[in-house]
Amino acid sequence: MELDFLFQLQELRESAPSFVTLFFDHLSEGVGGTALVLLGAVIFWCISKRAGYLMIASYLASTSLNQLIKNIACVYRPWILDSRIDPVPSAQEGATGYSFPSGHTTTATSSFGTLAYWQRKRVWLAATAVGLIVLTAFSRMWLGVHTPKDVIVAMVLATCVVAVCVKVSRFLDKHPEKDVIVAAVIIGLAMAALVFCALKTYPVDYGNAGAVLVNPEDMMLDCYSAFGAFMSFGICWIVERRFVRFSIEGSLRSRIVRAFCGIAFLMAILALCSVVLKPLVPLAAYKLIKHALLVAGVVLFYPACFTAARKFRKPKR
């Protein structure tokens with residue numbers, strides 16, 4: 001039934017004006033990860049530390065859960081399950097690995113869901129955030145790369161993760177001394193999930209051309225990225241919370257400068273990882289270290305830098 005629905009949607013897509021598919025393609029890729037990571041980082045550094053932490057935590061926790069479920073369920077993409085499905089080529093290029101649940105829908109729901117919760121008193125902004133979640137979920141089906149089950153489950157899971165993160169945040173408001181326990185749980189869960197996904201067996205099926213439909217090694221590499229990032233968050237969050245304790249105070253001009261410098265800082269980390277780290281270590285280690293360093297850059301290294309700079313600039317009495 002799901003694949004029949006997708007095929008009917010495909011027939012509608014083929015008869016619709018090309019700009020409709022182009023819109024959904026750009027929307028889908030826009031929430032694929034990088035833009036939302038930068039949005040969370042800028043909010044964290046410059047607008048609201050609490051909201052930024054909540055958005056980053058929800059994003060990393062939901063993507064880790066998404067990756068874990070993908071590697072447990074091992075559900076193939078729609079065009080593998082039904083030869084009638086002909087996905088949009090540009091979307092198919094990025095739709096690697098298993099299908100269930102939808103990763104793009106997960107990231108959109110966790111990030112925009114957090115934004116909607118944070119700005120719930122501004123109804124128009126919260127409604128816009130929810131609308132972007134729905135549009136993203138629909139775009140993945142319109143493009144032919146996910147089934148309704150993929151996107152619905154992704155939205156439900158990510159919404160639950162956001163709710164849990166909100167509950168944990170409120171719990172820490174009342175019991176700040178419990179932060180070490182929360183950090184330990186994050187690190188322990190990430191490590192356990194990584195070990196499980198690295199050791200489990202995966203199906204190895206071949207297509208008509210003799211190629212492996214989904215390479216288990218690629219799926220394990222995605223695990224090193226997701227769980228390495230989440231593990232790094234658990235470590236860096238507690239260090240920042242206990243020792244750095246940065247604040248977002250400053251003029252609008254200084255916050256804008258801080259945002260652009262922070263983005264440049266993250267781009268520098270990516271460049272260094274690609275040029276220096278990648279040739280030296282195995283690919284799995286590279287994926288883990290790169291994403292761990294990116295999270296550390298957002299949560300710990302860059303906040304420590306501008307906190308130190310602010311202290312340096314203070315006039316001595």
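**Exercises on rings and charges**

The charged end of Lys49 sits over the ring of Phe246, with 4.5 Å to the ring's centre. This is a predicted model, in which local features need pLDDT of at least 70, side-chain atom pairs count only at pLDDT 80 or more, and totals for chains, interfaces and linings use all residues. Residues are numbered from 1 along each chain as its sequence is written, and side-chain values use heavy atoms, with hydrogens and water left out.

**Exercise 1.** Find the ring over which the charged end of Lys149 sits.

*Solution.* Begin with the criterion: a charge sits over a ring if NZ of Lys or CZ of Arg is within 6 Å of the ring centre and within 35 degrees of the ring normal. The charged end of Lys149 sits over the ring of Phe100, 5.6 Å from its centre.

**Exercise 2.** Classify the pair formed by the rings of Phe24 and Trp142.

*Solution.* Rings of Phe, Tyr and Trp (its six-membered ring) pair if their centres lie within 6.5 Å, and planes under 30 degrees apart count as stacked, over 60 as edge-to-face and the rest as tilted. The structure holds twelve aromatic pairs. For Phe24 and Trp142 the ring centres are 5.7 Å apart and the planes stand at 45 degrees, so the pair is tilted.

**Exercise 3.** Decide whether Phe24 is buried or exposed, and do likewise for Trp142.

*Solution.* Buried means under 20% relative accessible area, exposed over 50%, and partly exposed in between (1.4 Å probe, protein chains only). Phe24, with a relative accessible area of 8%, is buried, and Trp142, at 5% relative accessibility, also counts as buried.
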